[in-house]
Amino acid sequence: MGGIAAIASAAGYRVTGCDANVYPPMSDQLAALGIELTEGFGDDQVALKPDLWVIGNVVTRGNPLMEAILDRGERYVSGPQWLSDHVLSGRHVLAVSGTHGKTTTSAMLAWVLERAGRAPGFLIGGVPMDFPVSARHTGGSLFVIEADEYDTAFFDKRSKFIHYGPRTAILNNLEFDHGDIFDDLAAIERQFHHFVRTVPRSGLLVANGADPAVSRVLSQGAWTPIERFNTSVGWEAGAQSPDGEFEVAWRGQPLGRIKWDLLGAHNRSNALAVLSAARHVGVQPPEAIEVLSRFGGVRRRMQMRGSAGGVTVYDDFAHHPTAVQTTIEGLRQRVGEARILAVLEPRSNTMKRGLMKESLPASLAAADRIFVYTQGLGWDAGSVFAPLGARARCIDDLDALIAAIAAESRAGDHVLVMSNGGFGGIHGKLLARLGAAAA
């Protein structure tokens, strides 16, 4: 919604907004654009008398401001629908979907198109290092969008990506997630097939050929050409060398080598999807490969926040067991035998309800020490993480958590903080404490 606000402002509208929790980097980005933010959903905000209320899916019936809007009969629309009507219509939309990797892949694709001189508009669910903003309206013919399967609004329970009308659609991977709105993986696959149905026959589906759930979606029917990646009959990536270099190929024919600082097979997979999508709009692989070698990444995706007392602190958005495991594996590849202290806030609705709690101990097992912030959880974290023994500690007070991490840390350690929220500013507070202890 913050990205949509930025796009609306660039399109010439006066924009204000409100949310229950406003935190960086999005709050800083919106403030820099001159967009007025209000903390909370007080019904007194109807005094603003906007021409249109654009409603995000965090808003439910019973929300004081929403109730006032309904009582007064004022005009409102969902964020995805507004975007479709006012920005995406008539453009070539490149939509990036999947349980994992949407933000990074969208940022990669926008960067490739930008360096190729295509000046794409974009809406990305994080802040790319290569752009000063997460959303941009250029008026050009191309628009890159992170295509989320979460529901649209309290009055529209379809997935958000149904509104986007892509011509190029990436299906990156599929796992069970969002247990607050989906009963099982089959329900998610059904929504993805609805998404597939919206892509025209003149478009392109870029599909992960190694993902069984993606294959099941496509087996339900596809009316669009398909290019697959992570398969010998499509796009492939070789193993990554210690200096970050790997080869990419199309149908067994080498196309070039990418060298970058990103780690993990998941990022190599993301790059393959980008090469396919970029070629569909005229950017040839040699140029895209060269640009990807200069891709800077995304904030809050294994972002180093600082070092103090010889301890390095990282921030990552991981909030699903698979993403947690992949993130730790990527850091392990970077730091070798050095100790990793993993800090997890199970903050998503799915995590808080404990729908994937059984998978969490295994996803964290590669870390040397594990700290879990348990405030607000609806399940017994102590028993869940008991199999990890003394390596794992569950703490429900933020100050106590920071103190415990600082007490355990020693020079040479790497602290990996994983949360899909602001986590109470833990990164800065921990670095300050580590610095004070070292002084």
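Colleague: What makes the contact between the side chains of Glu67 and Arg61 a salt bridge?

Modeller: This is a predicted model, so keep that in mind throughout. The N to O distance between the side chains of Glu67 and Arg61 is 2.7 Å. The cut-off is within 4 Å, so the pair counts as a salt bridge.

Colleague: Why is Arg61 called exposed?

Modeller: Its relative accessible area is 53%.

Colleague: How many salt bridges does the structure hold?

Modeller: It holds 17. Glu114 and Arg136 form one of them, with their closest N and O atoms 2.6 Å apart. That pair links distant parts of the chain. Glu114 lies in helix H5, Arg136 lies in strand S7, and 22 residues separate the two.

Colleague: Why is Glu114 called partly exposed?

Modeller: The value for Glu114 is 27%. Buried needs under 20% and exposed needs over 50%, so Glu114 falls in between.

Colleague: How do you know that Glu408 forms a salt bridge with Arg339?

Modeller: The closest N and O atoms of Glu408 and Arg339 are 3.0 Å apart. The limit is 4 Å, so this pair qualifies. Glu408 sits in helix H14, and Arg339 sits in the loop between helix H10 and strand S19. They are 69 residues apart.

Colleague: Are Arg339 and Glu408 buried or partly exposed, and why?

Modeller: Arg339 has a relative accessible area of 10%. Buried means under 20%, so Arg339 is buried. Glu408 has 27%, so Glu408 is partly exposed.

Colleague: Which residues are linked with Arg339 and Glu408 in a network of salt bridges?

Modeller: Arg369 and Asp413 are linked with them in that network.

Colleague: Now to the strands. Why is strand S20 called largely enclosed?

Modeller: Strand S20 spans residues 369-373. Four of its five residues are buried, so the strand is largely enclosed by the rest of the structure.

Colleague: What makes S19 and S20 a pair?

Modeller: Four bridges join S19 to S20. Pairing needs at least two bridges, so S19 and S20 pair. They run parallel. Ala342, for example, has Ile370 in S20 as its bridge partner.

Colleague: How do you know that S20 and strand S21 pair?

Modeller: Again, there are four bridges, here between S20 and S21, in the parallel sense. At least two are needed, so S20 and S21 pair as well. Val372 has Cys394 in S21 as its bridge partner.

Conventions: Residues are numbered from 1 along each chain as its sequence is written. This is a predicted model: local features need pLDDT of at least 70, side-chain atom pairs count only at pLDDT 80 or more; totals for chains, interfaces and linings use all residues. Side-chain values use heavy atoms; hydrogens and water are left out. Buried means under 20% relative accessible area, exposed over 50%, partly exposed in between (1.4 Å probe, protein chains only).
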